[in-house]
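Colleague: I would like to learn how to read helix packing, salt bridges and backbone angles in a model. Could we go through them one at a time?

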Amino acid sequence: MIVRFGFVAMSVQLEDASPSRTMTMATFSKLADREAALRKLVQIAELNLHNTLKLLKHCRYMGVKLYRMTSKIIPLVTHERLKDWDPYPALAQRFADVGSFAREHGIRVSFHPDHYTVLSTPREQVYRNSVAELDYHVRMLELMGLDDWATCNIHVGGSYGDKTTSGQRFVSQFNAMEDRIRHRITLENDDKTFTALETLRISEEVGVPMVLDIHHHAVNPGEEQAHELWPAIRRTWERSGWNARNGIRMGDPGWLPPKIHVSSPKSETDPRGHADYVDPEPLLQFLYAIAGSTAAVDVMIEAKRKDEALVKLMADLSLAEASGAPIRVLEGGSIEILG
């Protein structure tokens with residue numbers, strides 16, 4: 001089984017490469033010339049896209065084929081007071097450059113909209129805001145010229161005192177969205193509310209792939225072991241999403257591997273928080289358990305030290321290989337599970 005690792009949004013190794021520079025609405029409101037203020041927002045977005053491309057080049061240099069982009073590329077774009085603002089034409093070429101580089105170098109990119117994107121909400125305004133937020137992310141991917149192998153990962157959301165009803169509401173409100181948005185979505189189990197099994201059932205019902213977060217499963221497990229759920233989770237990638245829409249089967253050229261998330265608890269007193277680095281042992285135990293059933297899997301590292309955590313994990317895996325573990329380190333961000 002081939003395992004590819006990636007990191008989230010920022011680099012701690014590169015200087016002056018933040019893709020998330022922003023302006024607050026308070027600052028924007030103080031600027032007397034609204035058109036000049038909007039041009040400033042476009043300039044910030046241009047710099048964020050420039051740095052996003054820089055980070056993709058960093059991925060290529062590292063041999064990393066997986067990268068999650070920041071949601072904060074265009075400051076304030078979904079704010080209620082800027083509903084009449086259309087920054088996309090001015091940024092179209094920079095978006096196209098990012099997408100072209102990702103395609104050319106085979107880097108799988110994604111977004112993970114912020115926690116306030118909630119489709120299980122009973123509040124109409126929150127739902128409308130959530131759809132607007134997803135539309136923003138999808139528009140960016142469309143401007144990049146990326147097919148729907150480039151996805152937006154979300155959680156089911158809150159239970160609002162009745163998890164069953166909230167799950168049903170998620171299904172109904174998810175299905176009310178445009179196809180262009182729904183076809184970009186992957187669904188992830190969370191660390192407090194919807195377990196992996198509950199998320200899997202909803203994923204199957206709405207027909208989207210499921211991203212298994214093994215840290216979240218450890219702190220919000222239900223009764224099932226992660227590897228026991230894996231065959232059904234893997235099938236969501238075979239029966240829905242990019243693979244299904246293009247008639248691609250597991251292992252075929254162009255096949256999009258299932259994706260999982262990995263992180264380690266920050267501390268005993270904060271088991272849900274993310275540590276700076278990743279403990280390789282729980283990850284390896286899970287990978288060994290699924291290796292016989294899966295040709296490849298992509299692993300997003302959600303550690304505080306970002307790309308540095310990926311480098312350290314690869315060094316730890318190299319030591320494990322040297323000690324006789326059934327793995328082989330390939331290029332900078334990939335390994336093979338043997339046997």
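Predicted model: local features only at pLDDT ≥ 70, side-chain atom pairs only at ≥ 80, totals over all residues.

Colleague: How is the packing of two helices described, and at what angle do H5 and H7 cross?

Modeller: Two packed helices are described by the angle between their axes and by the distance between those axes. Axes are lines fitted to C-alpha atoms, for helices over the stretch in contact, with angles running from 0 to 180 degrees between N-to-C directions; helices are DSSP runs (H or I, at least four residues), as are strands (E, at least two), numbered from the N terminus. Here the axes of H5 (residues 163-175) and H7 (residues 196-206) come within 10 Å and cross at roughly 30°. The two helices are therefore roughly parallel to each other, a label for angles under 35 degrees, whereas over 145 is roughly antiparallel, 65 to 115 roughly perpendicular and the rest oblique.

Colleague: Which residues of H5 and H7 meet?

Modeller: Contact means heavy atoms within 4.5 Å, and on the H5 side Lys-163, Gly-167, Phe-170, Val-171, Phe-174 and Asn-175 meet Glu-198, Ile-202, Glu-205 and Val-206 of H7. These residues divide into 5 nonpolar, 2 polar and 3 charged, where Ala, Val, Leu, Ile, Met, Phe, Trp, Tyr, Cys and Pro count as nonpolar, Asp, Glu, Lys and Arg as charged, and the others, Gly among them, as polar.

Colleague: How far apart are the axes of H7 and H9?

Modeller: The axes of H7 and H9 (residues 226-239) are 10 Å apart and the helices pack at an angle of about 30°, which makes H7 roughly parallel to H9. Ala-196, Leu-197, Leu-200, Ser-203 and Glu-204 of H7 make this contact with Leu-229, Ala-232, Ile-233 and Thr-236 of H9, a set that divides into 6 nonpolar, 2 polar and 1 charged.

Colleague: How should I read salt bridges, and how many are found in the whole structure?

Modeller: Side chains of opposite charge can pair when their charged atoms come close. The criterion is a side-chain nitrogen of Lys or Arg within 4 Å of a carboxyl oxygen of Asp or Glu, and a search of the whole structure finds 18 salt bridges. In one of them, Asp-148 and Arg-245 meet at 2.9 Å, N to O. Asp-148 lies in the loop between H4 (124-143) and E4 (151-155) and Arg-245 in H10 (residues 241-245), so the pair ties together parts that are 97 residues apart in sequence.

Colleague: Is Asp-148 buried or exposed?

Modeller: Asp-148 is buried at 16% relative accessible area, where buried means under 20%, exposed over 50% and partly exposed in between (1.4 Å probe, protein chains only).

Colleague: Which residues have a positive phi without being glycine?

Modeller: Tyr-160 has a phi near 50° and is placed in the loop between E4 and H5, while Lys-306, with a positive phi of about 50°, is found in H12 (residues 306-322).

Definitions and conventions:
Residues numbered from 1 in each chain as written. Heavy atoms only, no water.
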